[in-house]
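Hi,

Here is the structure I promised to pass on. Have a look first, and my notes follow below.

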Amino acid sequence: MPLFDLDKIPPVDSWPVDLKVLYFERLNICEFDGHLAPEAARQLAITDTWAKLKTAQATVSSASR
């Protein structure tokens, strides 16, 4: 079960460039693995990248307190 609901994550096209780079790197890893169907690899790459963004934001937020 994904950590985030894909319907609540903005489309990748609307993400900043640096976040898109992380997404495509993750997508390449997921596709290269070969154990996932293309759609599953895409979904995993999206949720994993989004989780990294949210973790970084939480870290910055807690550090600024």
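**What I found**

The side chains of Asp48 and Arg26 form a salt bridge, 2.9 Å from N to O (a side-chain nitrogen of Lys or Arg within 4 Å of a carboxyl oxygen of Asp or Glu). Since Asp48 lies in helix H2 and Arg26 in helix H1, the pair ties together parts that are 22 residues apart in sequence. Helices here are DSSP runs (H or I, at least four residues; strands are E, at least two), numbered from the N terminus.

Before going on, two housekeeping points. This is a predicted model, with local features needing pLDDT of at least 70 and side-chain atom pairs counting only at pLDDT 80 or more, while totals for chains, interfaces and linings use all residues. Residues are numbered from 1 along each chain as its sequence is written, and side-chain values use heavy atoms, with hydrogens and water left out.

Back to the charges: the count comes to three salt bridges. Asp48 also meets Lys52, at 3.5 Å from N to O, and these two are four residues apart in helix H2, so about one helical turn separates them. That links Arg26, Asp48 and Lys52 in a network. Glu39 and Arg42 pair as well, at 2.6 Å; they sit three residues apart in helix H2, again about one helical turn.

How accessible are these side chains? Asp48 is partly exposed at 21% relative accessibility, as are Arg26 at 22% and Lys52 at 47%. (Buried is under 20% relative accessible area, exposed over 50%, partly exposed in between, with a 1.4 Å probe and protein chains only.)

As for the overall fold, the protein chain has two helices and zero strands, and its C-alpha trace spans about 45 × 25 × 20 Å along the principal axes. Of the 65 residues, 22% are buried.

Leaving out residues up to four places away in sequence, Thr49 touches Trp15, Leu19, Leu22, Tyr23 and Arg26 (contact means heavy atoms within 4.5 Å).

Cheers
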